[in-house]
Amino acid sequence: MLRLIYFPWAGRGAAIRDCLWLGGVAFEDVRLSVAEFRNARSTGAFPFDLLPVLELESGARIGQNNTILRWAARKAGLTPRDELEALQVESLLDMIEDYAMRLSVTIRESDPKVRLHQRAALAERWMPELYGHLEKQLDGTGSGWLVGSALSAADLKAYHLLSKLTDGSLDGMPSDALEGSATLQGWLSRVREARPCPPTR
Ligand SMILES: N[C@@H](CCC(=O)N[C@@H](CS)C(=O)NCC(=O)O)C(=O)O
């Protein structure tokens with residue numbers, strides 16, 4: 001059986017899980033604690049020593065979240081047929097990942113003073129820049145979705161990043177950052193409603 005290996009939180013696993021659930025793709029949703037991850041990593045269990053990792057039926061393991069997300073979107077039938085739209089989704093996934101990396105750097109920072117300094121740059125510069133890119137994209141399609149006229153992996157990936165940035169759990173990141181944007185707020189509600197409910201186990 002296919003296995004998606006990640007941590008118990010949303011992070012870089014959530015959009016992949018959403019795609020697989022939306023597409024009805026059977027997979028084992030493996031959620032490792034940090035201690036379990038470190039033990040397994042010390043045995044060389046993961047390509048590049050990071051999660052998420054996709055394990056195929058053959059047992060082959062694949063790393064890098066955008067690679068896995070693109071694969072999951074194809075499996076789920078969520079990849080646009082139109083070539084330009086498919087490229088736009090790919091490009092958005094990479095653009096969003098650039099900003100996810102900026103957030104990751106602050107999460108890995110152990111010095112609280114340095115972290116707050118980094119978060120100020122995130123809150124004042126980088127995240128408004130990301131929100132601007134997304135607003136422009138939504139204004140361009142006019143459909144309520146980031147690409148074309150349907151939900152794509154780009155909506156899911158951006159949704160999870162923006163949700164994390166504004167859920168109040170990150171020191172120095174204001175939870176009201178999107179209050180001034182009716183476009184982004186409307187889009188977030190649309191994605192929230194379109195997201196699948198995790199299957200009951
Ligand atoms: N470029 C990688 C980044 C993966 C990554 O940073 N994963 C984090 C969790 S979101 C991780 O495994 N952290 C564990 C660690 O750094 O020890 C990807 O796209 O998958």
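Analyst: Helix α3 and helix α4 (residues 83-108) pack at an angle of about 150°, and their axes are 11 Å apart. Helices here are DSSP runs of H or I with at least four residues, strands are runs of E with at least two, and both are numbered from the N terminus. Each axis is a line fitted to C-alpha atoms, for helices over the stretch in contact, and angles run from 0 to 180 degrees between N-to-C directions. α3 and α4 are therefore roughly antiparallel to each other; angles over 145 degrees count as roughly antiparallel, under 35 as roughly parallel, 65 to 115 as roughly perpendicular and the rest as oblique.

This is a predicted model, in which local features need pLDDT of at least 70 and side-chain atom pairs count only at pLDDT 80 or more, while totals for chains, interfaces and linings use all residues. Residues are numbered from 1 along each chain as its sequence is written.

The crossing of α3 past α4 is right-handed, meaning that the near helix is turned clockwise from the far one by less than a right angle, with anticlockwise giving left-handed. On the α3 side, N66, L69 and R70 meet E90, L93, D94 and E97 of α4. Two residues are in contact if their C-beta atoms, placed from the backbone, lie within 7 Å. By class, this contact holds 2 nonpolar, 1 polar and 4 charged residues. Ala, Val, Leu, Ile, Met, Phe, Trp, Tyr, Cys and Pro count as nonpolar, Asp, Glu, Lys and Arg as charged, and the others, Gly among them, as polar.

α3 (residues 65-75) also packs with α1 (residues 14-22), at an angle of about 15° and with the axes 8 Å apart. That makes α1 roughly parallel to α3. α1 passes α3 in a left-handed crossing. The α1 residues involved are A15, I16, C19 and L20, and those of α3 are N65, I68, L69, A72, A73 and K75. This contact divides into 8 nonpolar, 1 polar and 1 charged residues.

Next, the domains. The protein is divided into domain 1 (3-75) and domain 2 (83-194), with bounds from an automatic or database domain assignment. Their centres, taken over C-alpha atoms, are separated by 21 Å. In the contact between them, 9 residues of domain 1 touch 9 residues of domain 2. On the domain 1 side, α1 and α3 are the elements that give two or more residues. That side has 6 nonpolar, 1 polar and 2 charged residues.

Finally, the ligand. Among the residues around it are N65, N66, P52 and S104, counted when the C-beta atom, placed from the backbone, lies within 6 Å of it. The shell has 3 nonpolar, 6 polar and 1 charged residues. P52 is joined to L51 by a cis peptide bond, with omega about 10°, and lies in the loop between α2 (34-42) and β3 (53-55).
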